[in-house]
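Thanks for coming, everyone. Let me put the model on the screen and walk you through it.

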Amino acid sequence: PPPPLKLRTVKEAEEVDFSKLDPIYYPDMIVEAEAEWARRRHWKRVFPHETHPTKYLDLFETARVNNVVLCRYYMQKKAGVLHQEVGSQAAKAAAAAAHNRTLGLSSPFYGEAVEGARGERREEKRGS
């Protein structure tokens with residue numbers, strides 16, 4: 001299997017082709033964005049915009065890898081070049097990831113810093 005997708009520069013993010021990538025290798029931010037979209041109810045997402053993913057990208061002071069990746073993913077999704085089962089697989093993966101985070105098992109956005117902070121808080125509570 002291919003290694004997990006690790007994008008470090010905006011140029012790499014602009015060149016990624018999600019149609020050639022199995023959804024299980026999508027970055028966590030895409031899985032999270034799909035999960036948020038699935039539970040949005042009546043709310044509207046501002047960025048990336050639903051019909052024009054890059055609409056507000058130029059309003060950011062600097063281009064960030066995660067923003068570019070999300071725009072690229074939604075542009076390809078809107079164009080219909082992604083696999084049909086991507087949404088359901090991403091939603092299932094997002095639900096599992098959200099459940100794990102709720103249990104404190106992982107934190108893909110904040111990494112070890114948050115896990116460490118949670119652990120320190122637990123230790124403080126025990127020591128109090």
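How many aromatic pairs does the count come to? Five, by a simple rule. Rings of Phe, Tyr and Trp (its six-membered ring) pair if their centres lie within 6.5 Å; planes under 30 degrees apart are stacked, over 60 edge-to-face, and the rest tilted.

Phe18 and Tyr26 form an edge-to-face pair, with 5.2 Å from centre to centre and 80 degrees between the planes. For Tyr26 and Tyr73, the ring centres are 5.6 Å apart and the planes are at 75 degrees, so that pair is edge-to-face. The latter pair links distant parts of the chain: Tyr26 sits in the loop between helix H1 (10–15) and H2, Tyr73 in helix H3, 47 residues apart. Phe18, Tyr26, Tyr73 and Tyr74 form one aromatic cluster.

Some ground rules. This is a predicted model: local features need pLDDT of at least 70, side-chain atom pairs count only at pLDDT 80 or more, and totals for chains, interfaces and linings use all residues. Residues are numbered from 1 along each chain as its sequence is written, and side-chain values use heavy atoms, with hydrogens and water left out. Helices (H or I, at least four residues) and strands (E, at least two) are DSSP runs, numbered from the N terminus.

Now, burial. Buried means under 20% relative accessible area, exposed over 50%, partly exposed in between (1.4 Å probe, protein chains only). Tyr26 is buried at 4%. Tyr73 is buried at 0%. Phe18 is buried as well.

On to the core. A nonpolar core is a set of buried Ala, Val, Leu, Ile, Met, Phe, Trp, Tyr and Cys residues joined through side-chain atoms within 4.5 Å. The largest one has 16 residues; Phe18, Tyr26, Ile30, Val69, Leu70 and Tyr73 touch the most other members. Helix H2 (28–38) and helix H3 (65–79) are the elements giving two or more residues to this core. H3 supplies the largest share, six residues.

Take Ile30. Beyond its neighbours within four places in sequence, Ile30 is in contact (heavy atoms within 4.5 Å) with Phe18, Val69, Leu70 and Tyr73.

Why call H2 largely enclosed by the rest of the structure? Because eight of its 11 residues are buried. Among them are Met29, Ile30, Val31 and Trp37. Glu34, also in H2, is buried at 5%. The Glu34 side chain makes a polar contact with the side chain of Lys77, at 2.9 Å. A polar contact is a pair of N or O atoms within 3.5 Å; within protein, one must be able to donate a hydrogen and the other to accept it, and residues adjacent in sequence count only if both atoms are side-chain atoms.

Next, Leu82, in the loop between H3 and helix H4 (86–102). Leu82 is buried at 9%.

Finally, confidence. pLDDT is the predictor's confidence in each residue, from 0 to 100. The chain averages 75, and 61% of the residues score at least 70. H3 is highest, at a mean of 94; helix H5 (residues 111–127) is lowest, at 42. Over residues 107–126, pLDDT stays under 50. Where pLDDT is low, the predicted coordinates should not be read in detail.
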